Amino acid sequence: MSPTLPQDTPTVVPSDSLPPHGLFIVIEGIDGTGKSTQAKRLGEWFVSQGREVMLSREPTDGPWGKRLRESAATGRLSPADELQYFLNDRRQHVEETIAPALAAGKVVILDRYYFSTMAYQGARGFDPTEIRRLNEEFAPVPDLLLILDLDVDTAHQRIGVRGDATNEFEKRESLERCREIFLSLKDEPFARVIDSNGSLDEVSERIRQIVGPV
Ligand code: TYD
């Protein structure tokens, strides 16, 4: 049986009422694709172009995000609680950080956003389309979604090479499903899939080719 989605969501700011004057870029992909490094590099590139950049990530370092990170090590939350925590974390992130930065004209670069909820909590049994709908009630759609794509074996090797423990979040079959869900977004007008094989420089260059003309 599929877990049920939370029904009552608190009062939300509709995404079309936010004034997104800046540029909103989201980097997604399964663990091991190099998202964090590429997000940082892209931020540095925008700074070199004279733009003000706000680089952030989800789960955040706020109270909900902290619980989620802890749960990866100490024992995973129930599917329903986990989903609710990600939604709570994101709501706070949008209200306190993302929306104000966009309103101030900054380039906002996120390492993970609600597409990760579609992928990871989707892999846990929720309907990705429903997850998307719940998020888009309060979370602004990005101008550009970069999906860093890598096969699961290569991604796993990279995590191994880095020496990270393969924790509960990083189980193989569920990552296959996550990758599939990320790739299902490839035809969205705001999405681009980036082949993440090769060196960090090669991947940065592929990203820059796409972002350059934005
Ligand atoms: P990750 O970006 O890998 O953090 P770190 O680099 O600190 O390990 O994110 C931690 C995990 O959270 C990752 O395996 C994916 C998962 N996640 C979800 O399951 N749903 C979400 O909505 C988000 C944002 C992340």
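Mentor: Happy to! Let me start with what "surround" stands for here: a residue is near a molecule if one of its heavy atoms lies within 4 Å of it. Keep in mind, too, that this is a predicted model.

With that cut-off, the ligand is surrounded by 13 residues, and the closest are D31, R69, R112, T117 and Q121. Sorted by class, this shell holds six charged, four nonpolar and three polar residues. Helix 4 (residues 114-123) gives the largest share of the shell, four residues. Helix 3 and helix 4 each supply at least two shell residues.

Now let us go down to atoms. T117 places a polar side-chain atom 2.6 Å from an oxygen atom of the ligand. For R112, a polar side-chain atom lies 2.8 Å from an oxygen atom of the ligand. Q121 turns to another element: one of its polar side-chain atoms is 2.8 Å from a nitrogen atom of the ligand. As for cover, the ligand taken alone exposes 550 Å², and the protein buries 81% of that.

Most residues other than glycine have a negative phi.

Next, how do the two helices that supply shell residues sit against each other? Helix 3 (residues 79-103) packs on helix 4 at an angle of about 175 degrees, and their axes are 11 Å apart. Angles over 145 degrees count as roughly antiparallel, and helix 3 and helix 4 are therefore roughly antiparallel to each other. On the helix 3 side, the contact is made by E82, L83, F86 and R90; on the helix 4 side, by Y114, T117 and Q121. By class, that contact has three nonpolar, two polar and two charged residues.

P59 is found in the loop between strand 2 (53-57) and helix 2 (63-74).

Note on methods
Residues are numbered from 1 along each chain as its sequence is written. This is a predicted model: local features need pLDDT of at least 70, side-chain atom pairs count only at pLDDT 80 or more; totals for chains, interfaces and linings use all residues. Side-chain values use heavy atoms; hydrogens and water are left out. Axes are lines fitted to C-alpha atoms, for helices over the stretch in contact, and angles run from 0 to 180 degrees between N-to-C directions. Angles under 35 degrees count as roughly parallel, over 145 as roughly antiparallel, 65 to 115 as roughly perpendicular and the rest as oblique. Contact means heavy atoms within 4.5 Å. Ala, Val, Leu, Ile, Met, Phe, Trp, Tyr, Cys and Pro count as nonpolar, Asp, Glu, Lys and Arg as charged, and the others, Gly among them, as polar. A polar contact is a pair of N or O atoms within 3.5 Å; within protein, one must be able to donate a hydrogen and the other to accept it, and residues adjacent in sequence count only if both atoms are side-chain atoms. Accessible areas come from the Shrake-Rupley method with a 1.4 Å probe; for residues, only the protein chains shown count as cover.
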